[in-house]
Amino acid sequence: MLHPHLSRAVLAAAALLTLIPATHAAELRSADIHPDDYPTVQAVRHFGELVKQRTNGRITVKVFSGGALGNEDDSIEQVKLGALAMSRVSSAAMHNICQTTRVPSLPFLFRSKEHLHKVLDSEIGDQILRSCEAAGFVGLAWYDSGSRSMYTTKKPIKTLADAKGLKIRVQQSDLSVAMVEAMGGNATPMPMGEVYTSLKTGLVDAAENNFPSYESAHHYEVAKFYSLTEHTMTPEILIFSKRQWDKLPPDDQKILREAARESVPYMRKLWDEREQKSRAVVEKAGSQISQVDKPSFQGAMKPVYERFVTTPEMKDLVAKIQAVQ
């Protein structure tokens, strides 16, 4: 049964989908909520170029950016149904579908970007990707999403006490809600597309995201105070429909997997450049970037780990990640 809020564009995409016939010639459709010049969109296009080259044009990838096929929940549903081949989504959007994806979203789990990359590029990252297959998704690759920090409309958040009582927009994820509640804030889950207006009208006092999203969604225009809590490094995930995947011969599956992996360093390079550029844009526009008392936030996170690290597998993953040097 289709989600009642699926947009006409999503339904049209489902109707127009080029299914994979016996010849295995196909146009694979991929969705992304980010704008056309965003690193994740460019990375999936690069992935598509590699696939096209290696299949002599037999398999192509068409990327629908800017939320043209609906929000992330919409595209996840379409990927599961097989009406979309792929989507790039935040792994936070997969938390309730594929439980182990919660692990890399845990607050203050990664010590640095280098630590994050070392983990995701290892068997630990592969284990989490594989765990999504039971839910109908083939995890092809991890992309960067930087570190997420708090930004506010009225005053900076510099200590844990500053977050108390603020209405803070979070992703539609129970883990994100629990994290903000542990900080003493009032978590308000909502889709990305509603955040600008909610900040502008005072429906929320704050939101949390990385520099490129803060800049590209123009949130810096209505929330000038960016506080470097760097509370999570929730990665992006490139998911493929298991229904479509199972129709592909092993050779094509191998090409897709290898091309996805090879798109990762390309994406990371674009991400680093975009992060610096976005920070420069918001600073020039008058955003105030503040350092924070990070230990005060870290100390409040124990209840979040107790609530969400619930299975032996997840506990083992957390221990392995913390042990990676």
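This is a predicted model: local features need pLDDT of at least 70, side-chain atom pairs count only at pLDDT 80 or more; totals for chains, interfaces and linings use all residues.
A26 stands opposite I59, a residue of strand β2.

- Strand β1 (residues 26-31) and β2 run parallel, and 6 bridges join them.
- Both strands belong to an open sheet of 5 strands, with mixed pairing and the order β2-β1-β3-β10-β4.
- Why do β2 (59-64) and β4 (137-143) each have one side left without a neighbour in the sheet? These two strands stand at the edges with a single partner strand each, so one side of each has no neighbour there.
- From one strand to the next, the twist averages 25°.

**Helices on the sheet**

- Helix α2 (residues 39-54) packs on the sheet and touches β1, β2, β3 (86-90), β4 and β10 (236-241).
- The direction of α2 makes about 165° with that of β2.
- Helix α11 (residues 250-284) also packs on the sheet, where it touches β1, β2, β4 and β10.
- The direction of α11 makes about 25° with that of β4.

**The nonpolar cores**

- In soluble globular proteins, nonpolar side chains tend to be buried together.
- Here, the largest nonpolar core has 55 residues, and M94, V103, L106, L109, F137, I239 and M301 have the most contacts inside it.
- Which helix gives the largest share of this core? Helix α7 (residues 174-182) does, with 5 residues.
- Domain 1 and domain 2 each supply at least three residues to this core.
- Take V103 as an example: leaving aside its neighbours within four places in sequence, V103 is in contact with L109, M314, L317, V318 and I321.
- Another core, of 28 residues, lies apart from the largest one and includes M86, L140, W245 and L248.

**The two domains**

- The protein chain is divided into domain 1 (24-143 + 233-278) and domain 2 (146-231 + 285-321).
- Their C-alpha centres lie 24 Å apart.
- Across the boundary, 29 residues of domain 1 are in contact with 34 residues of domain 2.
- The size of an interface is often given as the accessible area lost when the parts come together.
- How much area do domain 1 and domain 2 bury between them? They bury about 3000 Å², with 65% of it on carbon and sulfur atoms.
- On the domain 1 side, L106, P107 and F108 lose the most area to domain 2, together 23% of what that side buries.
- L106 is also one of the residues with the most contacts inside the largest core.

How values were computed: Residues are numbered from 1 along each chain as its sequence is written. Side-chain values use heavy atoms; hydrogens and water are left out. Two strands pair if DSSP finds at least two bridges between them. Helices (H or I, at least four residues) and strands (E, at least two) are DSSP runs, numbered from the N terminus. Axes are lines fitted to C-alpha atoms, for helices over the stretch in contact, and angles run from 0 to 180 degrees between N-to-C directions. Contact means heavy atoms within 4.5 Å. A nonpolar core is a set of buried Ala, Val, Leu, Ile, Met, Phe, Trp, Tyr and Cys residues joined through side-chain atoms within 4.5 Å. Buried means under 20% relative accessible area, exposed over 50%, partly exposed in between (1.4 Å probe, protein chains only). Domain bounds come from an automatic or database domain assignment. Buried area is the accessible area (1.4 Å probe) that two parts lose on being put together, summed over both.
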